[in-house]
Amino acid sequence: MARRALTAALLTAAVVVGSLVAPNVTSATEAACVREVSQNVPDVASGLPDNVELFDGYVNGLFYGNERVAFFATSGRDQLTDEQKQTYDVLEDVIVQIAAGSRERTDNIALPGKTWTFTELGVTSSSDARDAAFDLYMSRFLGNGRVFEALFSDHPYELYWFDKTSGYSTNLSTSSSGQSVTVSAQVKMSVAVEYQKSSDLHCVDSTDVSRAQSAAATAKSIVAKHADEPDYEKLVSYKNEICELVSYDTAAALDESTPYGDPWQLVSVFDANPSTNVVCEGYAKAFQYLFDESDFTSTLLRCITVSGSMAGGTGAGPHMWNVVRLDDGQSYLVDVTNSDKGSVGQDGGLFLASYDAALGNAHPYSYSFHIGFDTVSYLYDSQTAELYPKDYLLIAGKPYDGAEEPPAPDGDQGSEDTPKPDDTPKPDDGSDPDDALKPDDGSEPEKPVDDAPAAKTQTMWRLYNRYTGEHFYTASAEERDLLVGIGWTGEGVGWVAPTSGTAVYRLFNPYADDHHYTMSEEEYDALAALGWSQEGIGWYSADAKNGVPLYRQFNPFATIGTHNYTTSKEENDALVKLGWRGEGVAWYGVSAS
């Protein structure tokens with residue numbers, strides 16, 4: 001059965017199907033009469049996602065249980081009468097069976113019958129009794145569509161197979177006996193084309209749901225298999241199990257149309273089918289699932305799934321991986337994709353790994369890891385930076401060496417090597433170099449201004465991000481090379497800065513992936529109060545008397561990369577002519593000679 005690509009579009013209208021068919025008298029004695037009523041799709045169904053999205057939701061439920069996000073505030077069944085609940089319960093049972101693959105046919109669904117006397121119906125003839133019974137049954141047992149509306153409200157995912165454009169119909173049959181008439185009813189529901197078996201409008205192909213059920217059972221069995229292992233060994237076992245079950249889908253990774261958010265990535269890991277492989281999303285979500293379903297000895301353990309970009313390793317470019325906090329209170333990188341056989345980290349260098357270099361000070365946003373002669377770098381995207389607190393994303397600067405005593409409380413990284421979220425190192429406090437990579441020389445902490453040799457200078461590198469429009473400036477050649485490796489354009493030397501003088505502070509906006517630079521301590525603190533991360537001293541400014549001016553321009557039409565800095569008066573004037581606002585001199589460099 002072919003599956004359509006996952007889409008996020010919601011249906012905005014329902015197609016009205018058919019109308020009431022005239023009574024068909026099947027017996028000369030009028031002992032029996034049959035009507036078929038084609039029902040409109042309830043309004044509530046028109047607001048649901050499409051069939052593929054609903055099926056994906058059903059598959060997620062197989063893995064994570066039935067605690068799904070409800071589309072509507074109250075239970076539809078609770079709004080029905082007792083007689084309508086009888087019909088609801090019958091249909092609910094059948095719908096659940098069809099969704100689970102234990103029933104294929106969606107027609108001939110028998111509903112509860114009902115007998116009325118002529119007196120109860122207020123009629124005297126059998127023909128009037130049939131008409132009255134038809135109408136009364138539709139109202140009291142089907143609620144004139146309310147029962148199906150309640151089913152769509154309560155079981156949208158189980159109805160992933162239902163064709164909202166073709167609808168459903170109810171076959172009503174009456175038989176008279178003396179002064180009473182009995183109504184019997186059957187329902188048939190149309191099946192969406194992508195879920196039909198052999199193009200049968202009333203038969204569901206259960207192939208995909210059976211595959212998903214098998215995958216969910218396999219995943220749960222892996223958790224049970226390793227339940228008694230120590231925490232660290234359990235995580236290693238999960239990585240090994242995933243890498244044994246699946247391989248990297250290179251073709252899908254190279255296809256830019258491959259969507260994120262597809263739960264079938266999770267199914268493809270655990271379905272034991274060597275032909276269904278995954279991209280990085282599948283590896284990361286499979287590890288996250290096993291972690292979430294596990295019990296650990298330490299309450300400190302935590303796993304999150306993050307996204308961003310990667311340079312080096314398997315599938316450089318957009319990437320998804322995990323960050324795991326262990327019982328020492330420190331967080332470590334987990335890249336199961338690049339831990340698989342044949343990848344750069346197959347020997348474990350990218351699993352529960354501490355970093356070799358970090359970019360950014362109090363809140364590093366990018367990390368690099370050295371594997372032999374290779375360097376693999378990771379950069380969080382703005383969605384990840386916005387979603388998680390800072391301490392969730394900080395990677396440990398030293399390898400894991402067992403639990404610390406006493407363990408750090410939950411929510412705190414608990415190590416003197418890693419700054420707390422609200423404990424930004426001061427630009428000149430000489431904090432531990434493991435806290436962050438300083439932008440001036442790549443490893444050493446800042447020295448107080450008075451200690452810096454006045455005669456020394458440092459080259460300031462300028463880079464450009466063509467995707468966001470941001471210009472970035474750094475004194476670190478390592479930072480420059482890492483950013484070039486993940487897609488930034490190196491624009492050479494921006495200017496030459498002294499190693500002493502007035503501090504120029506650097507800030508990072510984790511919500512917009514943007515940087516800002518200022519000599520003003522007031523601006524530095526004000527932006528930090530608005531959520532910017534203070535990254536300490538980026539470089540120093542020479543004095544105005546002997547310095548080379550750095551002109552600052554502001555782009556009022558941009559939200560990222562709003563400022564540009566240049567020593568070129570010509571560049572400054574050209575940008576102003578294009579609509580940028582000239583903001584004068586930002587700071588001063590020194591002559592390159």
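Visitor: Let's start with strand E7, residues 317–325. How enclosed is it by the rest of the structure?
Guide: In this predicted model, E7 is largely enclosed by the rest of the structure, because eight of its nine residues are buried.

Visitor: Which way does strand E6 pair with E7, and over how many bridges?
Guide: E6, residues 302–311, pairs with E7 in the antiparallel sense over nine bridges. One of the bridge pairs is Cys-303 with Val-324 of E7.

Visitor: And how does E7 pair with strand E8?
Guide: Antiparallel again, over four bridges, with E8 covering residues 331–334. Arg-325 has Ser-331 in E8 as its bridge partner.

Visitor: What sits between E7 and E8?
Guide: The two form a hairpin with five residues between them, and Gly-329 in that turn has a positive phi of about 80 degrees.

Visitor: Switching to helices: which residues of H5 are buried?
Guide: In H5, Ala-129, Arg-130, Ala-133, Phe-134, Tyr-137 and Met-138 are buried. They lie on the same side of H5, because they cover an arc of only 155 degrees around the axis.

Visitor: OK, the largest nonpolar core. Which residues have the most contacts inside it?
Guide: Phe-63, Trp-161, Leu-235, Phe-270 and Phe-287, in a core of 84 residues. Helix H7, residues 207–225, gives the most to this core, with seven residues.

Visitor: What's in the second core?
Guide: That separate core has 22 residues, among them Ala-311, Tyr-473, Leu-483 and Trp-495.

Conventions
Residues numbered from 1 in each chain as written. Predicted model: local features only at pLDDT ≥ 70, side-chain atom pairs only at ≥ 80, totals over all residues. Heavy atoms only, no water. Buried < 20%, exposed > 50% of the residue type's maximum accessible area, 1.4 Å probe, protein only. Arc of directions from axis to C-beta. Pairing = 2+ DSSP bridges. Core = buried A, V, L, I, M, F, W, Y, C linked by side-chain atoms within 4.5 Å.
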